[in-house]
Structures are given as C-alpha cells and as structure tokens.
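Here is a short briefing on one chain.

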Amino acid sequence: MAEVYVEEFMSPGCVGCPIVKEMLKSLSEELGGEITVEEVDITVDTTRAAQYGVMSVPAIAINGELKFMGVPKKEELKKALMEESKKDE
Amino acid sequence: MVREKKEKRIGIFICHCGKNVAGGVDIKALIESSRGLEGVVFVEDNKFSCSEEGQIAIQDAVKNNDLDRIVVAACDPGLHLLTFQRCGQKLGIDPAFVDLIDIRKWTMFGSPNKVDEKQALDNSERIIEQAVKRMRLKRIIPKVTVKVNPSVVVIGGGVAGLEASLDLADKGYRVHLVERLPTIGGKMALLYKVFPTNDCAPCILAPKTAYANIHPNINLLTHSEVTNVEGHIGNFGIVVNQNPRYVDEKKCTGCGLCIEKCPARVADNEYSRGLSDRKAIYIPYDQAIPRKAVIDNQNCLYFQKGSCRLCEKACPASAIDFKQEPKTIELKVGAIIVATGFDEYNPVRKTEYGYGRYGNVITQFQLARLLDIDGPTRGRLLRPTDKKEPRSIAMIQCVGSRDENANGYCSSVCCMYALKHAQIIKEMVSPDAQVYISYIDMRTTGKGFEEYYKRTREMAVNFIHGRPGEVIENNETKNLILKVEDSDIGELLRLEVDLVVLSCATIPAKGTKQLAELLRINLDENGFFREIHPKLRPVETNRRGVYICGSAQGPKDIPDSIVQAKAAASCADSELRKGEIQLPESIVKKEKAN
C-alpha cells in the first residue's frame, strides 16, 4: 500500500474531533502502517486552515486535498484512504 | 519547461533568523538529520531566509538542483508563508508546494514556547520530517475563480461600524449596516464629552450618523440582528432578522406626541443607564438616527394587557402599527465587517465596592449620563439617594480590570475617562467639590494624553496611589467610607465621600460568542474577536473576507477604533475591487452543496 498523509483539522472543545481521531487511528491499523496522521489545531495554525479553506472542524485533508468537513462515515473515510493509496502520481 | 517525473525533489532551507533560531538550536545537526529524509535532495542554511539575499539563495538552489518543492524552517507561517510562496512562484512552483514551518517558537528568547537546545533540536527534527513527508505526498489544492459581490455587511452601528460603512459607501460599495438597537451611534452617543479635546461626543458623532442615514449606498437596518451566515468571501449569504418597531418608519415624523400620551414608565437602562425612566414607546435620545419611535412590547400595556392604544390615537401620522411582524431579510455580500463594540463590566460581582447595595455607588458610564446636559438630570450632578449635589467624589480605577479574579487585561480607556470626568466636574459642574482618583497606575499613552493628565493634576484633583479594599456605607447619611493606603506617601487614608464612581472594565459585547460561532471566527482568551496577527494583521480574522474593528477586537479609545475601522474597510476594498478571486475548490463546492 502506497503512503498517505492525512491532516486532521481540529480545535480544542470540538465535539466531533475525537471521533474522527479514533476513526483514523483504527483505520490506520486496519489498512497498514503507511498512513501518517497529523493533527492540525486550527486555533494555532490558522494559516494552514485558511489555505485549505477549512471553515469548520473536524475536517480531513488527504495528501493535500480537503476531502471531508464534518464527521464522515467510517466507510466513506476508508474508501477515500484506499483510493488515495492506490493513486500513483 | 514541462517536467515529467515521479520523484519529488524537495529543498529544505533552515533560517538562522540572526540568533533567534541559531542561538537556540544546533543548526549543523539539523542540516545533517534533514539530509537523510526521503525526497530531500538539497539542504541549506541562511542567515535570514526572508531577506533579499536569502530569497535569491533559495531561487538559485531551486534552479541548480531542479527542486520542485520547498520547505523553509523558520518562523510563524502567518508572518512569511506568502513571502516564500511568492519567491517559489517566480520559478513556477505552485504555492501549495511551498511550506513554512515554525521552529523559532522553541528557540527565540522571550517566546512562550522556548525550550532547551536539545529539546529544540528534537522538536525541530520532528516537524521538519513531518513537513517533508507532507510535501512529498501533497498535490495541488484545486482552485476555482469566483465573482465578487461588490457589497459589504457591517455588523454594529457604533463609531467603528459607522466609519467603516461610510468609507466603503464613499468608495462605491453597497453597504448594509446592521444594528441591534433601534438607533445607531453606539456607546459614543452616551459619553457626553470625549478626551483629550473635551469635545461634545454627540456633536462629533452626529455628522457620521446623519451622513450614514442619508448616504445613497448605505442600507440602514436598525433593531436588527444577523441570524445566519453562509458562503465565502466574495459571496456571503447573510440572514438578518429585523425586530418590529410597531411604528411605520416611513410615516413616523419623530414628533414625540405618542411618547407624551404613553402611560407606561420603565427604567431606561440603555440610554440613561438606569438613572431615569422612559416610556414604553420612546425615541432613544434627541439626536437618535433614525429619529423614529419604537415600542418596547415587553412593557407596553397593549401588548401585555390588551388595552390602551393611546399612542395610536395620539399619532397624527397614523404611524403606529401593532400588527408589525419580525422581518427576515436576506443579503448577498462580498465581505463582512464586525464592529460590535463592548459592554461595561457589571461591578455587582465586586461585592467589596457595594455597587447595587449602596445607592451612591455608580459607574463611570452612569456618571457620564449625569454630567450630560442632555442626560437624565440635564447636566446637574445629583447623587442618586437624595438628589443632592455631592461635595466629594471618589473614583476607583481598575474595577474588573487588571484583576486576576475578574479580567486580567487593562481596559486601556478607564484612566482617561476618569480624568475627563474629573476635569468636567472641576471645570463645569462643581469646582469646589473634592475629587479623588484612587489608582494603581495612570496609563495615558495616546497623543496628547499625558498633557491631559498633567492638566487634571493642576486642577487640584487628588490622586491616591492605591486601591481601596472596601467601601462601607454610612447608614444615616448614605455617605461612603473608603480606607485606602496611598503608597506615594505611605499612609493609610480614611475618606468619607458623597459619591463613589467605579471605573469598570471594558468587556466583549453581549452576543459576541454567538456571533463568533455564526461567523466561524476565533475569539481570544478574553472573549474579544481574535485578529490573525496581533501586530501585522490586526483587523483580519481566520476567515478570509471577515474583518474586525473597534472595541470588538479589544478595549480601545475612539481614535484607535476609527483607525481600525478604516483599516478593515481598506482590507475589504482590497479584496472586493478585484472583481473576481481564486478560492480553494472545496470551499465553493461545500457552499454549493449547502
């Protein structure tokens, strides 16, 4: 499986963020160790959030592309990660 | 040149930032560890990467090493990311492939995150590795071009909101000015006079309110609140809820006959700060804009008990309309300016000063209303309990400010307005009265402010360097007793005064938090709107196209509010005048889906 870099945009006090975090953790384990997850606190790194156009948290960017805003279904997230890992740029 | 290649060629540039980075981390070790990272083909350090020389070095390295991605390890991306993106763009590198990561926060003297050299190296290595990986796997953020709507909504009709509105309206933009209260003018209209010139506040405010009222490009929406915000810069969709006045604005002439006939009296907490009454139908104050009556349905006999309607009978223009309903107004605008101002801290919470328990303890805003020749006492300074002129007045500074149990910050205007009120009392109202100002520090840093302070001292106002621990009321006379240690003379003073005035903190206006949630912009630790950079981008927020100004951003005086309002207007203008802008596709898609 090819590498995937996931940026999880979150903020302190965000209700959905821990759910996404947990989802990403379990999917990383399920899909193998090639997934890197970085937590980006939008209250600290406002510039990065603005670059991607993140307007609400949680939000997920995969390999530099904003894929989800809000809490996705686990299956959708899994599908996106699988597709991404197959892409051969 | 079109290059077909799969391998990413990343260059890392480590900035010394003089000694700011180099003084706190081993640069050589950082270069070595960076060299080994996958995809990295070039690593170099610069003394100042942001300097012209530093940027040329980056461009040379890109050309000589065929780099297609750049990672600069230096300072906060809020500061210089654009600098390096522009530098890369000159050589055809997409901005998405240029990253700036902040390693300086761990190394710079004075930084709250500073750590020791070993820890700084570990941290820096970790985030460089992370950034390299991110860059290696990243693709271009897809962008789309959208048209910009040449109009703006300004939330808040105080002096800052007015200034921003007038600036933009004069530039030709359509401005919708939304004010929660039935009149524009904000807190400034309550001030009577303004420092350091002692000009009459309504007199210098009125040209702005009057112009806003007749400006062909300004749509004034008073008694209204923003209830929903969607969209993005260039194309925001705003929903405004306009509360009913129960008076037809087009017919009302502001004659006041309805007010004379109205039998319902209630405390005027807004304009007279609770010091006098108003009717249930009222015009907030003489110079109110728009000068139209409004019915307070919570206190109107007709709304509460179903009978009366005396105002309706009295109105010669048949303007009273009890059937008015709240109106929902939808607006499409390109940018949003937030100027929702501040509220006065409620000193009831500082029980030691007895506000709310002792009748003769008032706030500075209440004093301003008492001193105002158009205020509830027509400019006669009368203390609340017996309506007698106080012969001695003590002002207590920093009530709820610079206080870890209330608000840690300095409210910045209280020193000056206490001095202003002392001057007004000594010069115009009661020259023989004893005025005491009990302070921790006098902070008079604006233009002409120190001279103003000096002038106040020369007027025989008594300055006491210390804060009283408690205020006690004399049950019989209703006078107030203060015990305070003056640290300048090293003595414990016992004062008995007729009136105590509290200089209360400036706090975020009611509803600031809800508005921040609606606009999806950040608040700072004190609850004011957070700017994106405290020094360099003081009126921009984390959401592009939403700007803040005036006391909504933090406590400030009128000149500073005006400066910020003009800055916010200028920021909005810079974006709107382009006609169209490029945005990440995800933003536009999301909004379309909504």
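A residue counts as buried if 20 or more other C-beta atoms lie within 10 Å of its own, with C-beta atoms placed from the backbone. Buried residues make up 48% of the 594 residues in chain B. The model is predicted.

**Overall build**
- Chain B holds 15 helices and 30 strands.
- The C-alpha trace of chain B spans about 85 × 65 × 35 Å along its principal axes.
- Take the contacts in chain B with a separation of 6 or more: residues 24 or more positions apart account for 70% of them.

**Helix pair H5(B) and H6(B)**
- Two packed helices are described by the angle between their axes and the distance between the axes.
- Helix H5 of chain B covers residues 159-170, and helix H6 of chain B covers residues 201-214.
- Their axes lie 10 Å apart, and the packing angle is about 50°.
- Angles under 35 degrees count as roughly parallel, and 65 to 115 as roughly perpendicular. H5(B) and H6(B) are therefore oblique to each other.
- The crossing of H5(B) past H6(B) is left-handed.
- On the H5(B) side, the contact residues are Val159(B), Leu162(B), Glu163(B), Ser165(B) and Leu166(B).
- H6(B) meets them with Leu205(B), Lys208(B), Thr209(B), Tyr211(B) and Ala212(B).
- By class, this contact has six nonpolar, two polar and two charged residues.

**Sheet S24-S25-S26 (chain B)**
- Three strands of chain B form an open sheet in the order S24-S25-S26, with antiparallel pairing.
- Strand S24 (470-473) and strand S26 (491-497) of chain B are the edge strands, and each pairs on one side only.
- Neighbouring strands of this sheet are turned by 25° against each other on average, direction ignored.
- Strands of a sheet pair through backbone hydrogen bonds, either parallel or antiparallel.

**Hairpin S25(B) and S26(B)**
- Strand S25 of chain B spans residues 480-486, and seven bridges join S25 to S26(B).
- The two strands run antiparallel.
- S25(B) and S26(B) form a hairpin, with four residues between them.
- In the turn, Gly490(B) has a positive phi of about 65°.
- Glu485(B) stands opposite Leu492(B) in S26(B).

Note on methods
Residues are numbered from 1 along each chain as its sequence is written. Chains are lettered from A and ligands numbered from 1 in the order in which they are written. This is a predicted model: local features need pLDDT of at least 70, side-chain atom pairs count only at pLDDT 80 or more; totals for chains, interfaces and linings use all residues. Two strands pair if DSSP finds at least two bridges between them. Axes are lines fitted to C-alpha atoms, for helices over the stretch in contact, and angles run from 0 to 180 degrees between N-to-C directions. Angles under 35 degrees count as roughly parallel, over 145 as roughly antiparallel, 65 to 115 as roughly perpendicular and the rest as oblique. A crossing is left-handed if the near helix is turned anticlockwise from the far one by less than a right angle, and right-handed if clockwise. Two residues are in contact if their C-beta atoms, placed from the backbone, lie within 7 Å. Ala, Val, Leu, Ile, Met, Phe, Trp, Tyr, Cys and Pro count as nonpolar, Asp, Glu, Lys and Arg as charged, and the others, Gly among them, as polar. A residue is buried if 20 or more other C-beta atoms lie within 10 Å of its own, exposed if 12 or fewer, and partly exposed in between; C-beta atoms are placed from the backbone.
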